[in-house]
Amino acid sequence: MSNTPMAANPLTRAVLEIDEYASGLGWDQPARLFALVDTARLRAEQPSLADRLGLGDAQETTVLTPIEQDEIPAGKPLDEFLGTIAWPDAVTGCALTVERLMLPPSAEAQVPKDLDEAALTKWVARHPERQEVRMTVAVLRDGARESALRLREKDSATEVLTGSELVPGLAQALAATFEE
């Protein structure tokens, strides 16, 4: 993941690293969940794991290391799945990458009333202005948040939008995985 641009803070760097990884897998992928761990702590407490992850030679600026978790169960709604997660103390944060369809704000007035979730999904999938987007959202135990959005039609590392409030609902759902 050496092409990740240098970002201002460690969480942004981790989100961009995960976005780059997901980009390398291509589109039409399932959601992926990552634990974010403190790299220095990982090196000190689990040196063999750090070596297997290639962190022995990592730059000292690599503060957070994303570790992909087991596959998210197919057919289970994402919000229900996230409600089952509990992280050990060694996990500093978590991140999720997921693909969705979105519409521009101008399409909101066109949404038919009284559609159930399945009908709305079908309506959005057929809308001529729909965009496919990959969202990577990360949160830390201390409340920090970061997101990266990549449009399929502008699939380039230079076209990735980042910001802490881009996907607030998903960030809140991830933050809830740290609540006891």
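What is the relative accessible area of Tyr21, and how does that class the residue?

Reply: This is a predicted model, so every value below is computed from its atoms. Tyr21 has a relative accessible area of 27%. That makes it partly exposed, because the class runs between the buried limit of 20% and the exposed limit of 50%.

Start with its ring. With ring centres required to lie within 6.5 Å, the model has two aromatic pairs. Tyr21 and Phe34 form one of them. The geometry is edge-to-face: the centres are 6.0 Å apart, with 90° between the planes. Tyr21 sits in helix α1 (residues 10–25) and Phe34 in strand β1, so the pair ties together parts 13 residues apart in sequence. Phe34 is buried, at a relative accessible area of 4%.

Trp87 and Phe178 make up the other pair. Their ring centres are 6.2 Å apart and their planes meet at 25°, so this pair is stacked. It links distant parts of the chain. Trp87 belongs to the loop between α4 and β3, Phe178 to the segment after α6, and 91 residues separate them. Trp87 counts as buried at 13% relative accessibility. Phe178 is buried too, with a relative accessible area of 14%.

Ala86 lies between α4 and β3. From C-alpha to C-alpha, Ala86 and Phe178 are 6.6 Å apart, although 92 residues separate them in sequence. Ala86 is exposed, with a relative accessible area of 68%.

The loop between α1 and β1 holds Asp28. Asp28 has a positive phi near 65° and is not a glycine. Most residues other than glycine have a negative phi. At 56% relative accessibility, Asp28 counts as exposed. Asp114 has a positive phi as well, about 60°, and is likewise no glycine. Its place is the loop between β3 and α5 (117–126). Asp114 counts as exposed, at 81% relative accessibility.

Strand β1 (residues 32–38) pairs with strand β3 (residues 91–102) in the antiparallel sense, over six bridges. Arg32 has Thr97 as its bridge partner in β3. β3 then pairs with β4, again antiparallel, over 10 bridges. Here Thr97 stands opposite Thr136 of β4. Thr97 therefore has a partner on each of two strands, given that bridges are what define the pairing.

β4 continues the series. Seven bridges join β4 and β5 in the antiparallel sense. Val133 stands opposite Leu151 in β5. Four residues lie between the strands of this hairpin, where Gly143 takes a positive phi near 100°. Gln131 is in strand β4 (residues 131–140). The side chain of Gln131 makes a polar contact with that of Glu153, at 3.5 Å. Leaving out residues up to four places away in sequence, Gln131 touches Arg100, Leu101, Met102, Leu151 and Glu153. Arg134 lies over the face of Trp27, at 4.1 Å from the ring centre.

β5 itself has five of its seven residues buried, so it is largely enclosed by the rest of the structure. Three bridges join β5 to strand β6 (residues 161–163), and the two run antiparallel.

The buried residues of helix α6 (residues 168–176) are Leu170, Ala171, Leu174 and Ala175. They cover an arc of only 140° around the axis, which puts them on the same side of α6. The spacing fits a general rule. An α-helix has 3.6 residues a turn, so residues three or four places apart point the same way. These buried residues of α6 pack against β1, α4 (78–82), β3, β4 and β5 (145–151).

That brings the tour back to β1, the strand of Phe34, whose ring pairs edge-to-face with that of Tyr21.

Note on methods: Residues numbered from 1 in each chain as written. Predicted model: local features only at pLDDT ≥ 70, side-chain atom pairs only at ≥ 80, totals over all residues. Heavy atoms only, no water. Polar contact = N/O pair within 3.5 Å; in protein donor to acceptor, adjacent residues only side chain to side chain. Contact = heavy atoms within 4.5 Å. Buried < 20%, exposed > 50% of the residue type's maximum accessible area, 1.4 Å probe, protein only. Arc of directions from axis to C-beta. Phe/Tyr/Trp six-rings, centres within 6.5 Å; stacked < 30°, edge-to-face > 60°. Lys NZ or Arg CZ within 6 Å of the ring centre and 35° of its normal.
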